Amino acid sequence: MRRYRRTLVAVALMATLVSGTAGWAAGSGQQAVDGPPPGSDAWRHDASLGRALPDPETATPAQVAAFFGTLSAPRQRDLAERHPSVVGNLDGVPVELRYRANRIALAKDPRHTRLAAPGRQILAFDPRGRGTVAEVYGDLLTSRHVAVVVPGSDIDAGTYDRSADVYGTPAGMAASLRTATGGRTAVVAWAGYTTPVGVGLDTATGGLAEVGAERLARFTRGLAAAGVRAPALFCHSYGSVVCGLAAAEAQASDIVVLGSPGMRAASAAALGTDARVWAAKDPSDWISKVPNVEFLGLGHGADPAAESFGARRVPARTAHGHTGYFAPGTDSLRAFASIATGGDVR
């Protein structure tokens with residue numbers, strides 16, 4: 001009974017925090033972007049090859065990769081030019097062809113012209129809603145090591161590479177991690193799901209994370225189908241909820257969570273993954289004030305940084321705040337670089 005009362009108190013505190021009555025900014029409800037990419041209807045009705053194209057909604061990444069493997073380079077390019085939004089977002093399509101398709105799609109979107117700048121490698125771009133995007137730093141096909149950064153709240157196509165609070169953005173995290181590995185790791189800044197805005201019920205519940213987890217798991221399978229090595233996932237804040245829900249299905253070598261409110265699992269073993277599981281939380285991170293409960297859909301469960309969870313510990317003594325884990329010179333970034341290159345942390 002005493003434990004039950006403590007849980008109710010924690011849930012009441014969580015409700016107070018996410019409602020904004022504790023001085024936090026109340027978040028607005030977000031509608032998750034889901035389903036096949038834009039342009040899928042035209043794609044399904046394309047009979048130019050004399051056979052059906054893989055259905056964006058039902059074809060697996062392996063089936064997509066096998067289909068494109070039967071096409072000549074000119075035919076691949078022709079599909080990218082006629083259906084850029086499908087080819088650019090379809091997991092299993094060859095990496096370089098996705099870059100090409102997204103350059104075409106971005107050239108038609110005046111809201112995101114900066115993403116079309118020469119040299120940028122956009123692996124996914126969906127303008128629906130607030131927009132989702134994935135950008136690659138390095139060479140996915142030749143790098144011996146690959147990492148994917150999964151962000152938390154307030155990230156979309158317009159903010160994922162903002163100049164303010166750079167190490168709180170997936171682009172800033174990805175660039176910092178690649179530099180810390182001496183360029184040995186190709187890193188994907190994956191803003192590929194609809195994130196919560198502000199601190200509200202979206203942040204305290206798992207609805208957006210569930211959709212994001214499906215998208216992340218499929219994304220990793222798409223990388224594998226395209227010949228890319230299994231990545232290490234670096235999951236920040238609410239992104240760690242996404243990674244927790246995706247863990248059993250995602251193809252990953254490591255799952256690293258930082259500033260996590262919970263992974264919707266009672267322990268690392270309960271995640272159902274063969275990947276190494278790591279956790280970092282610095283002493284000044286406000287996430288420590290969030291109760292680690294999961295009750296009636298509210299909260300995200302056990303603290304991954306607690307010894308009882310069973311994750312490997314990542315030092316974060318010199319990181320500062322909720323978004324300082326990838327800052328140059330921190331012990332957390334050094335540890336991340338070691339993990340990303342297949343090493344251990346001591």
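This is a predicted model: local features need pLDDT of at least 70, side-chain atom pairs count only at pLDDT 80 or more; totals for chains, interfaces and linings use all residues.
Let me begin with helices H7 and H11, which are roughly perpendicular to each other, a term used for angles of 65 to 115 degrees. The axes of H7 (residues 170–180) and H11 (residues 331–340) come within 9 Å and cross at roughly 75°, the axes being lines fitted to C-alpha atoms over the stretch in contact. The helices are DSSP runs of H or I with at least four residues, and strands are E runs of at least two.

Residues are numbered from 1 along each chain, and side-chain values use heavy atoms, without hydrogens and water.

At the crossing, Ser176, Leu177 and Ala180 of H7 meet Leu333, Phe336, Ala337 and Ala340 of H11, where contact means heavy atoms within 4.5 Å.

Turning to helix H6 (residues 95–107), its end C-alpha atoms are 19 Å apart, which agrees with the 18 Å that 13 residues should span at 1.5 Å a residue, taking 1.5 Å times one less than the number of residues. Buried residues in H6 include Val95, Leu97, Tyr99 and Leu106, buried meaning under 20% relative accessible area with a 1.4 Å probe, protein chains only. The buried residues of H6 pack against helices H3, H4 and H5 and strands S1 and S2.

Finally, in the largest nonpolar core, of 43 residues, Val150 and Trp190 are among those that touch the most other members, and helix H9 (residues 207–225) gives the most to this core, with 6 residues.

Technical notes:
Axes are lines fitted to C-alpha atoms, for helices over the stretch in contact, and angles run from 0 to 180 degrees between N-to-C directions. Angles under 35 degrees count as roughly parallel, over 145 as roughly antiparallel, 65 to 115 as roughly perpendicular and the rest as oblique. Buried means under 20% relative accessible area, exposed over 50%, partly exposed in between (1.4 Å probe, protein chains only). A nonpolar core is a set of buried Ala, Val, Leu, Ile, Met, Phe, Trp, Tyr and Cys residues joined through side-chain atoms within 4.5 Å.
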